[in-house]
Amino acid sequence: MAPLPSPSGVDVPPLSAPANPNALANGTQAQAQPANPSIFTTANSDPYNYVSIPDKEASVLIQRSGQEWRVIRNGVITVYGGWLLAIAFFGIIAMYTIKGSIKLHEPLSGVKIKRFSAFDRLVH
């Protein structure tokens with residue numbers, strides 16, 4: 001069965017299309033393809049592809065800065081950020097254990113002070 005034409009009008013045969021469709025049934029096609037197709041390595045190198053709009057920056061498929069941020073986020077920030085949250089949590093528990101709850105200088109007077117108007121509360 002022939003593939004449908006692409007909506008852009010530029011028909012490029014996909015790299016993942018099997019040369020022999022019957023090979024998918026017996027598993028030989030999966031062994032013939034590399035684990036990391038070249039489409040991902042070329043897309044990650046900031047090539048400028050063809051776009052029909054004036055903004056040429058829109059032709060970059062995968063930006064390197066996004067990949068660099070993903071590596072930093074999945075490495076340093078995930079590990080040390082988790083430890084920072086755990087240390088802060090146990091620090092709060094330690095301070096509450098050592099100091100106890102905050103005591104008032106005098107008992108409650110029972111007088112309520114209106115701090116915000118009804119409009120302020122509604123808008124908030």
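Does F90 count as buried, partly exposed or exposed, and at what relative accessibility? In this predicted model, F90 counts as exposed because its relative accessibility is 53%.

**View 1. The aromatic pair of F89 and F90.** The structure holds one aromatic pair. F89 and F90 form this pair in an edge-to-face arrangement, with 5.3 Å from centre to centre and 70 degrees between the planes. F89 counts as partly exposed because its relative accessibility is 48%, whereas F90, at 53%, counts as exposed; the cut-off that places the two residues in these classes is 50% relative accessible area.

**View 2. A nonpolar surface patch that includes W69.** W69 counts as partly exposed because its relative accessibility is 46%.

**View 3. The protein chain as the setting for the close-up views.** The secondary structure of the protein chain comes to five helices and zero strands, so that, by the DSSP assignment, the elements run α-α-α-α-α from the N terminus on. Of the 124 residues in the protein chain, 5% are buried, and the accessible surface comes to about 11900 Å², with 66% of that surface belonging to carbon and sulfur atoms. Among the contacts between residues at least 6 apart in sequence, 3% join residues at least 24 apart.

Methods. Residues are numbered from 1 along each chain as its sequence is written. This is a predicted model: local features need pLDDT of at least 70, side-chain atom pairs count only at pLDDT 80 or more; totals for chains, interfaces and linings use all residues. Side-chain values use heavy atoms; hydrogens and water are left out. Patches are made of residues with over 30% relative accessible area and no salt bridge: like charges are joined within 9 Å, nonpolar side chains (Val, Leu, Ile, Met, Phe, Trp, Tyr) within 5 Å. Accessible areas come from the Shrake-Rupley method with a 1.4 Å probe; for residues, only the protein chains shown count as cover. A salt bridge is a side-chain nitrogen of Lys or Arg within 4 Å of a carboxyl oxygen of Asp or Glu. Buried means under 20% relative accessible area, exposed over 50%, partly exposed in between (1.4 Å probe, protein chains only). Helices (H or I, at least four residues) and strands (E, at least two) are DSSP runs, numbered from the N terminus. Contact means heavy atoms within 4.5 Å. Rings of Phe, Tyr and Trp (its six-membered ring) pair if their centres lie within 6.5 Å; planes under 30 degrees apart count as stacked, over 60 as edge-to-face and the rest as tilted.
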